[in-house]
Amino acid sequence: MDDHTTPGGVPDADRVRESTAAEVLHDIDEATAARIDACAAQGRDAIDRRLSELDGESDVERLLEINASILALGGLSLGVLADRRWLILPGVVLPFLLQHGVQGWCPPLPVMRRLGARTRAEIDAERVALKALRGDFEGLGHAGAGAARPRAADVLAAVRA
């Protein structure tokens, strides 16, 4: 096992997809493809706008962390200031967050996925597809014998553009 796989051998980036229902994965992938097709049909300005939108899209991991933090801090605050029974809230939420960290799944995950929350890899796949349609990778293809190959810095700059 290396740093990028779980104890079961599943790559970290795929844990959420692996634990997502097939019909939800299909819906997420179809919605992504439809957005890419719409941007391609509308041209470069639409692609640029969509890439800007993707910069602000939070992935499901971040959404889980934010929601767990809000609920845990809220329960802790209410437990200290109002009624100790509120301390049950962080006692429930934090084990869910731990479970997600260890297994890549927790009870809120299916709800968030059905609402369309995507993984970082899913967001990045849309980003790379849009950049390819925009032409960001032209000239970075495999060079023939004797031709100069693109430098790694050039490739990274194109992907990050």
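Contact means heavy atoms within 4.5 Å. This is a predicted model: local features need pLDDT of at least 70, side-chain atom pairs count only at pLDDT 80 or more, and totals for chains, interfaces and linings use all residues. Residues are numbered from 1 along each chain as its sequence is written, and side-chain values use heavy atoms, with hydrogens and water left out.

User: How many helices and strands does the protein chain have?
Analyst: Helices (H or I, at least four residues) and strands (E, at least two) are DSSP runs, numbered from the N terminus. The elements run α-α-α-α-α-α-α-α. The count is eight helices and zero strands.

User: Which residues of helix 4 are buried?
Analyst: Buried means under 20% relative accessible area, exposed over 50%, partly exposed in between (1.4 Å probe, protein chains only). Helix 4 covers residues 60-81. Its buried residues are V60, L64, A68, A72, G75 and G79.

User: Within what arc do the buried residues of helix 4 fall?
Analyst: The arc is that of the directions from the helix axis to the C-beta atoms. The buried residues of helix 4 line one face, because seen down the axis they fall within an arc of 85°.

User: Which helices do the buried residues of helix 4 pack against?
Analyst: The face turned away from the buried side carries exposed I70, L73, V80 and L81. The buried residues pack against helix 1 (15-18), helix 5 (88-103) and helix 6 (108-114).

User: How many disulfides does the structure hold?
Analyst: A disulfide is a pair of cysteine sulfur atoms within 2.5 Å. C39 is buried at 8% relative accessible area, and C106 is buried at 2%. The number of disulfides is zero.

Methods. The expected span of a helix is 1.5 Å times one less than its number of residues.
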